[in-house]
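Take a moment to turn the model around before reading on, and keep the sequence beside it. The paragraphs below go from the whole chain to its parts.

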Amino acid sequence: MDFKHYLQVLKDNTPYDFSNYSDNSIKRRLQKVILDNGLTIDELLDKTQTDKGFVERLVEDITVNTTELFRDPEIWPQFYEKLYPALKGKKTFNIWHAGCSSGMEVYSNMIILNELGLLEQARIFATDISLGMVRQCTNGSYRYEFNKKQLSDFEDIIKKSPIQGISKIDFNKYFDFDLENDRINIKDFLKKKVEIRQHDLVQEKVPFYNKFDVIFCRNVLIYFNANLQSKIYQMFHNQLYPKGSMILGNHESLTGFYKTKFSKNGPLYTKTNVFHFKYQ
Ligand SMILES: C[S@@+](CC[C@H](N)C(=O)[O-])C[C@H]1O[C@@H](n2cnc3c(N)ncnc32)[C@H](O)[C@@H]1O
């Protein structure tokens with residue numbers, strides 16, 4: 001199958017445009033969808049044009065949804081070394097998790113904010129292109145056995161590198177552990193505080209009216225080509241308050257023109273001062 005042609009059909013018939021994702025990952029995943037569903041090319045094209053449910057599942061299957069509670073545990077003390085002084089004096093502040101997957105990054109961050117006494121003044125927003133991920137983020141229910149190691153890894157890290165003096169967290173405050181059914185369930189007070197929406201970063205429209213103090217977009221842009229990455233950096237730059245920060249994944253970094261619009265501040269990229277020139 002001509003893979004570019006298929007992405008064009010998808011773009012023309014659905015809200016989704018994957019034409020500026022890096023080719024290899026999308027191609028491999030698309031081939032897997034075709035195999036798993038036992039589809040001929042004609043059936044694939046037909047379902048893409050007529051079956052909304054199929055398209056939503058396809059979006060979930062061709063994007064990479066891997067995430068973890070306290071992913072890259074050693075990085076969180078470094079984030080908060082920079083973020084805590086910037087956020088602690090504010091009456092309110094806004095944080096956007098763009099590409100939130102099933103929500104583990106969102107809830108991990110909220111737990112840290114609560115431990116630091118900053119959760120009340122925080123407004124938390126989370127978005128993902130995939131409806132399935134938005135639902136999982138809303139439910140906040142995860143497998144226990146599969147995820148328990150992330151919690152103990154994070155405990156080990158903060159023992160050695162406390163986050164603003166916090167070296168221990170009582171996870172029972174944040175999770176209901178249902179070991180019989182192999183579940184970790186996020187408590188309601190955290191779930192109620194997040195505004196979760198389906199949103200596609202590729203579309204021009206911005207999902208919220210407000211600006212942000214922090215935008216987390218970790219392990220998402222790595223799947224986009226350089227042109228699309230630049231478009232998203234511009235959008236994040238517009239959506240950040242002056243001195244607001246963007247946080248990328250551990251293996252992602254700003255390159256080219258946008259390096260001049262953000263300054264590297266430890267693991268954060270902070271929006272540099274914007275000067276307005278008046279034309280006479
Ligand atoms: C690898 S996960 C990263 C999750 C989390 N940020 C983390 O680092 O653990 C990437 C997420 O980005 C989402 N995604 C991919 N393309 C997107 C787009 N165009 N707009 C919004 N989200 C997108 C995927 O659905 C997936 O849930």
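The radius of gyration used here is taken over C-alpha atoms, and the rule for a globule is 2.2 Å times the number of residues to the power 0.38. With 280 residues, a compact globule would have a radius of gyration near 19 Å, and the chain, at 20 Å, agrees with this. Along its principal axes the C-alpha trace spans about 70 × 60 × 30 Å. This is a predicted model, in which local features need pLDDT of at least 70 and side-chain atom pairs count only at pLDDT 80 or more, while totals for chains, interfaces and linings use all residues. Residues are numbered from 1 along each chain as its sequence is written.

Where the domains meet, 10 residues of domain 1 are in contact with 12 residues of domain 2, contact being counted when the C-beta atoms of two residues, placed from the backbone, lie within 7 Å. Helix α4 (residues 52-62) gives the most to the side of domain 1 that touches domain 2, namely three residues. By class, that side has four nonpolar, three polar and three charged residues, where Ala, Val, Leu, Ile, Met, Phe, Trp, Tyr, Cys and Pro count as nonpolar, Asp, Glu, Lys and Arg as charged, and the others, Gly among them, as polar.

Look next at an open sheet of three strands, which are antiparallel in their pairing and follow the order β3-β5-β4; two strands pair if DSSP finds at least two bridges between them. The edge strands, each pairing on one side only, are β3 (141-143) and β4 (175-178). Three bridges join β3 to β5 (residues 183-186), and the bridge partner of tyrosine 142 in β5 is isoleucine 184. Helix α8 (residues 144-160) packs on the sheet, touching β3, β4 and β5, and its direction makes about 95° with that of β3; the axes are lines fitted to C-alpha atoms, for helices over the stretch in contact, and angles run from 0 to 180 degrees between N-to-C directions.

Finally, which residues are closest to the ligand? They are Thr67, Gly99, Ser101, Leu201 and Arg218, among the 21 residues that surround the ligand, each with its C-beta atom, placed from the backbone, within 6 Å of it.

Key:
Helix = DSSP H or I, 4+ residues; strand = E, 2+ residues; numbered from the N terminus.
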